[in-house]
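Trainee: Could you walk me through a structure today? I'd like to look at some side chains together.

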Amino acid sequence: MEVNEPAVKYHPKMTAEAYLEWERKQPYKHEYVEGEIADMAGASAKHNKILTNIIRKIGTFLEGKSCEIYPSDLRIFVKSKESYFYPDATIICGELEFADNVNETVTNPSVIFEILSPSTQDYDIGRKLFFYMQIESLKEYIIIDSASRNIRIGRKKENNSWQFQELTNENDIISITAIQYTFLLKDIYTGIKF
């Protein structure tokens with residue numbers, strides 16, 4: 001039986017400062033998008049398996065290197081849009097740069113991963129994608145479909161425009177240029193049945 005993830009739900013508007021204070025007291029995560037607060041949906045078994053595969057594969061490669069991969073509890077600040085997000089996984093190279101002295105929100109992701117579900121894909125590849133593209137340090141945005149074998153990789157070019165590549169074959173090579181690492185698409189979907 002497939003567990004469906006609920007759609008994104010918004011709360012009344014508040015200031016960024018009020019959101020951060022409120023968020024620290026909440027049992028569940030919420031994103032802050034230009035004044036609106038969005039619930040973070042619970043994740044399906046497929047979503048969690050894909051995330052586990054990503055963290056395991058890339059985390060092992062990054063051991064002893066200057067970059068690290070973090071799971072979805074790391075909050076990212078998009079300064080130009082005064083918005084806060086929890087990507088499914090984030091690679092940060094070098095020292096963590098924090099948005100404030102509380103040291104719980106980071107401003108310098110190099111690579112962001114989002115795992116799509118049918119209920120959240122419009123949000124993840126629409127508004128959220130546009131906001132992520134405003135992050136100065138971000139080099140790649142990797143969008144992984146949990147309902148089919150499909151991965152889209154957005155890469156920032158030297159002129160700050162973005163170029164996207166779509167991969168659907170299990171033997172397609174995923175190249176994460178920010179960390180100089182390649183692996184096969186099927187590695188992300190290990191243990192997943194469609």
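Mentor: Happy to! One term to begin with: a contact means heavy atoms within 4.5 Å. This is a predicted model, where local features need pLDDT of at least 70 and side-chain atom pairs count only at pLDDT 80 or more, while totals for chains, interfaces and linings use all residues. Residues are numbered from 1 along each chain as its sequence is written, and side-chain values use heavy atoms, with hydrogens and water left out.

Trainee: Okay, which residues does asparagine 108 touch, not counting those up to four places away in sequence?

Mentor: Asparagine 108 touches Ile92, Cys93, Glu95, Leu96, Glu97 and Ser137.

Trainee: And where is the place of asparagine 108?

Mentor: Look in the loop between strand 8 (105–106) and strand 9 (111–116). Helices (H or I, at least four residues) and strands (E, at least two) are DSSP runs, numbered from the N terminus.

Trainee: Is asparagine 108 buried or exposed?

Mentor: Asparagine 108 is buried, at 6% relative accessible area. Buried means under 20%, exposed over 50%, and partly exposed in between, with a 1.4 Å probe and protein chains only.

Trainee: What does the side chain of asparagine 108 reach at 2.9 Å?

Mentor: The side chain reaches the backbone oxygen of glutamate 95 at 2.9 Å, and also the backbone nitrogen of glutamate 97 at 2.9 Å.

Trainee: New topic: how many salt bridges does the structure hold?

Mentor: There are eleven salt bridges, each being a side-chain nitrogen of Lys or Arg within 4 Å of a carboxyl oxygen of Asp or Glu. One of them joins the side chains of arginine 24 and glutamate 104, at 2.5 Å from N to O. That pair links distant parts of the chain, 80 residues apart.

Trainee: Where do those two sit?

Mentor: Arginine 24 is in the loop between helix 1 (16–23) and strand 2 (30–33), and glutamate 104 is in the loop between strand 7 (89–93) and strand 8. Arginine 24 is partly exposed at 42%, and glutamate 104 is partly exposed at 27%.

Trainee: What about lysine 29 and aspartate 73?

Mentor: They form a salt bridge too, with the closest N and O atoms 3.4 Å apart. Lysine 29 lies in the loop between helix 1 and strand 2 and aspartate 73 in the loop between strand 4 (67–71) and strand 5 (75–78), so the pair ties together parts 44 residues apart in sequence. Aspartate 73 is exposed at 61%.

Trainee: Which residues are linked in a network of salt bridges?

Mentor: Glu31, Glu114, Asp124 and Lys128 are. Aspartate 124 and lysine 128 meet at 3.2 Å, N to O; aspartate 124 is buried at 4%, and lysine 128 is buried at 2%.

Technical notes: Polar contact = N/O pair within 3.5 Å; in protein donor to acceptor, adjacent residues only side chain to side chain.
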